[in-house]
Amino acid sequence: MSEVLDFDLVIKNVRVVRPNQNSIARLDLGIKNGKFAHIAPEINPELGKEVFDAKELLGFPGLVDSHQHIGIYQPLPQDAITETKAAAMGGVTTGLTYIRTGQYYLNRGGAYKDFFPEALKLSEGNFFVDYGYHLAPISSSHIDELQFLFEEYGVPSFKIFMFYGGYGLHGMSDQQNLFLMIDKSERYDFAHFEFIMRGLTKLRETHPEMQDYISLSLHCEVAEILNAYTKIVQNDSSLTGIKAYSAARPPHSKALAIVIASYLAYETNCVNINLLHLSSQKAVEAALMMQTTFPHINFRREVTVGHLLLDVDAPTGKWAKVNPPIRSREDVEYLWQAVLNRQIDWIVSDHACCSAEKKASSQDPENIWLAKSGFGGTEYLLSGVFSEGSKRGMSNNHIAELLSWNPAQRYGLLEKGDIAVGYDADLVLFDPNKTFVVRASESESQQGYTQFEGMELTGKVKSTFLRGNLIYDKGEVLGSPQGKYLKRPYGKTVGS
């Protein structure tokens, strides 16, 4: 290595955790122009304009939290500032948000050619971490915009909320067209889902060189099952709280939706399918069954940190209401086994900050049916997975794959997710021995509560670097928002 090369920053004494490896090595990191430029057992500190001593902490690649909902319950600019501060304190350096037309988010319908530029304008200068968006084709006209969104804005990933066809965001609803802000003649149903898939197949055929990065994500639940079981459960006084909500959205509803969606993917040759937030044994089994049935479909399977840390006996009650619901302890342990068996491809937060005054009904605060769905948690993603995963024998390298590498590769973030020369210098310094009790009062999130309140976790983020810039250190988010919008595929294939 030439001694004339200088670096913007040299980070000394990092126990580097890389994906797709079986060990951890103590290394120094040389960073220049926001990239890892040199990695070696020893780098002369005099070569760095600045030097940072990692003091033998674990160094994970910056987390890619690929399932967030920034702006769902609060104005997008406000939500971006506070919630990406929370992301930074949790080691997240890239967040991908699911956003759509209709009620919530920007509270407007219409074409994405008008909607999405507004979303980007509201985002600019307000994210503390790098960011991107997945979009949901809600109206039939949105399908005609897929190519435009991909070519103009670098959006290759899209979403279907299957239960929206006949069920609301928080419960039963017979006003879906008003909720989705689509014409009365439109139907958000299985036929619409099929045509979305055909549209993405056409897009993939138009851009064969990008076919690996064009994908469809699915929130799989069948509205008819939810409606029927909600009526049954609401008439059963023996079920209350999170247990009642889980029973009203039974696991087989998700499993059935997975089967339907998978067959439609087969029928339409829509080959890149992401099955989101698998929450139960039945859901995972259905997903694995479909992988066997349709081996040419490139399925990816996702779970959330919430579904891995909480069960229906969670003491935080209504604060833990989410779609799909928190499940039984038996389901939680099954999910962990699937993670350890490498049957799960990534773990996310599904961060949807819902403030206390919005979450609970002012008239009936403990009524689970009136509570809003969703909660934050991006700030606990790494600590939660490490704390519970390490108890079960999960390796740090596997954690790096699930929280960084795998989602980055799937979603076209080709210079994210690893600590290697040419990659963005996104780094999390992590103390594996630090134990702490989760307190909402200590979070940067504006939510004001956490579904994890009082939970003891082992392993804590100490510092977060975004493209070589220190954005979180010693318990504080530093500076102003530096996150940038990432058109995808982002970067080039490196290290191949």
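Guide: A salt bridge is a side-chain nitrogen of Lys or Arg within 4 Å of a carboxyl oxygen of Asp or Glu. Keep in mind that this model is predicted.

Visitor: How many salt bridges does a search of the whole structure find?

Guide: The search finds 27 salt bridges. One of them joins Glu 401 and Arg 342, whose closest N and O atoms are 2.7 Å apart. Glu 401 lies in helix H15 (residues 396-410), while Arg 342 is in the loop between helix H12 (329-340) and strand S13 (346-348), 59 residues apart.

Visitor: Is Glu 401 buried or exposed?

Guide: Buried means under 20% relative accessible area. Glu 401 has 8%, so it is buried. Arg 342, at 48%, counts as partly exposed.

Visitor: Which elements does the salt bridge of Arg 198 and Glu 267 link?

Guide: That pair meets at 3.4 Å, N to O. Arg 198 sits in helix H6 (residues 190-206) and Glu 267 in helix H9 (residues 251-268). Arg 198 is partly exposed at 35%, and Glu 267 is partly exposed at 40%.

Visitor: Which residues are linked in a network of salt bridges?

Guide: Such a network links Lys 35, Asp 130, Glu 415, Lys 416, Asp 424, Asp 426 and Arg 467.

Visitor: And the nonpolar side chains?

Guide: In soluble globular proteins, nonpolar side chains tend to be buried together. Here the largest nonpolar core has 127 residues, and Phe 116, Tyr 133, Leu 216, Leu 218 and Ile 347 have the most contacts inside it. A second, separate core of 19 residues includes Val 16, Leu 27, Ala 420 and Leu 429.

Note on methods: Residues numbered from 1 in each chain as written. Predicted model: local features only at pLDDT ≥ 70, side-chain atom pairs only at ≥ 80, totals over all residues. Heavy atoms only, no water. Core = buried A, V, L, I, M, F, W, Y, C linked by side-chain atoms within 4.5 Å. Buried < 20%, exposed > 50% of the residue type's maximum accessible area, 1.4 Å probe, protein only. Helix = DSSP H or I, 4+ residues; strand = E, 2+ residues; numbered from the N terminus.
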